[in-house]
Amino acid sequence: MTDTGEFKRTASTFRSFISRDKSSEFYAESGRYHLYISYACPWASRCYAFLKLKGLEDDIGVTSVKPKWERTKEGEDHFGWTFPTSEDEDPGADPDKLNGAKTIRELYEFSSSNYTGKYTVPVLWDKKNKTIVNNESSEITRMLNTEFNDIAKYPEVDLYPPHLQSQIDEVNDWVYNAINNGVYKCGFAKKQEPYEQAFKELFNALNRCEEILSHQQYICGNVLTESDIRLFVTLIRFDEVYVVHFKCNKKLVREYPNLFNYTKDIYQVPGISSTVNMDHIKRHYYGSHPSINSYGIIPLGSDIDYSAPHDRARFTQ
């Protein structure tokens, strides 16, 4: 938090890069890497979506934490991501069978004894060197998109194609600032002025998306790109969480005809629906931020059917 009451996101710390170059320290090989995620976290979910879209499930293991933050160390006030102790404790979450960690925090402490940053997901783990390779979602998705093509089931899937890269970078920039991070700037603002500024920027950007999607299937044209996955992870959480919990209540996604059908379209891309766990999403947000929702009450919600028909195929006919 800044002195003006504005939420500022800190930068990720582990920034090594996996490469298909066999001489690389972190060579892209099957069975070597593991992805730790939370279904609740949009940044982790987009990494999981890339893994699914590239068909890397047999090559990179995935472990999901419990949705609600818990104390990470006795005698300390830090609350964060934890693992269940058994398969049955919290459906959808997994014990850490790889390292036996009880918390994501422990993985950071395994990797760096003097680490002082935040204990975030996603975590891309190297089983060979027993360390975190990278915890920056935007870099993990780029690695998954290109560096594992020699072993991926769907190497032809390119979510960052060369002819669209400049456009994707530009879209990513304003979508991140106004929408992906914008909802957090609304929700965690501690003063009225930064909240209102973030709120205006958020809905101006959503209106911009609605207009763009009125004449093309996806945000950068008529081909699915990483920009769509980055936008989708916020949109899928918007009506159930951000409208209520983060005070983004001007308009629901399902009140935007193009955005709502676009969200359903991406949800129905093979593999994507399995990366969405709305129970985990709601339990995390409403249960892990007592400064916003002190009693941890989870709204019953509207149970939106994202598998329902949509109209986006009109752009491919």
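Strands β5 and β6 pair in the antiparallel sense, with three bridges between them. Here two strands pair if DSSP finds at least two bridges between them; helices (H or I, at least four residues) and strands (E, at least two) are DSSP runs, numbered from the N terminus. This is a predicted model, in which local features need pLDDT of at least 70, side-chain atom pairs count only at pLDDT 80 or more, and totals for chains, interfaces and linings use all residues. Residues are numbered from 1 along each chain as its sequence is written, and side-chain values use heavy atoms, with hydrogens and water left out.

The two strands form a hairpin with four residues between them. K130, in the turn, has a positive phi of about 50°. Within the pairing, W125 has I132 in β6 as its bridge partner. V123 and W125 point one way from β5, while L124 and D126 point the other way, and all are buried. Buried stands for under 20% relative accessible area, exposed for over 50%, and partly exposed for values in between (1.4 Å probe, protein chains only).

Strand β1 runs antiparallel to β5 (residues 123-126), and four bridges join the two. Along this pairing, Y33 stands opposite D126 and L35 stands opposite L124. With β2 (residues 61-64), β1 pairs in the parallel sense, again over four bridges. Here Y36 stands opposite T63, and I37 has S64 as its bridge partner. The chain passes from β1 through helix α1 (residues 42-54) to β2 in a right-handed β-α-β crossover. Right-handed means that, with the strands pointing away from the viewer, the path from the first strand over the helix to the second runs clockwise.

## The sheet as a whole

Four strands make up an open sheet of mixed pairing, in the order β2-β1-β5-β6. The edges are β2 and β6 (131-134), each with a single partner strand, so one side of each has no neighbour in the sheet. Neighbouring strands are turned by 35° against each other on average, direction ignored. The axes behind this angle are lines fitted to C-alpha atoms, for helices over the stretch in contact, and angles run from 0 to 180 degrees between N-to-C directions.

## Aromatic pairs

A search of the whole structure finds 25 aromatic pairs. Rings of Phe, Tyr and Trp (its six-membered ring) pair if their centres lie within 6.5 Å; planes under 30 degrees apart count as stacked, over 60 as edge-to-face and the rest as tilted. The rings of Y36 and F83 have centres 5.7 Å apart and planes at 65°, so this pair is edge-to-face. Y36 belongs to β1 and F83 to the loop between β4 (79-80) and α2 (104-111), 47 residues apart in the chain. Both Y36 and F83 are buried.

W69 and W81 form an edge-to-face pair, at 5.7 Å centre to centre and 80° between the planes. W69 lies in the loop between β2 and β3 (70-71) and W81 in the loop between β4 and α2, so the pair ties together parts 12 residues apart in sequence. W69 is partly exposed, at 27% relative accessibility, whereas W81 is buried, with a relative accessible area of 7%. Elsewhere, ring pairs link W43, Y176, Y184, F188, Y195, F199, F203, F238, Y242, F246 and Y285 into a cluster.

## Charges over rings

R208 lies over the face of W174, 4.0 Å from the ring centre. The charged end of K264 sits over the ring of F260, 4.5 Å from its centre. A charge sits over a ring if NZ of Lys or CZ of Arg is within 6 Å of the ring centre and within 35 degrees of the ring normal.

## The loop between β4 and α2

S86 lies in the loop between β4 and α2 and is partly exposed, at 31% relative accessibility. S86 and D96 are 10 residues apart in sequence, and their C-alpha atoms are 9.4 Å apart in space.

## Residues 161-288

An unreviewed UniProt entry annotates residues 161-288 as "domain: GST C-terminal". UniProt positions are given in the numbering used here, feature names are shortened, and annotations may be inferred rather than shown by experiment. Over this stretch the chain is 66% helix and 0% strand, and the end C-alpha atoms are 38 Å apart.
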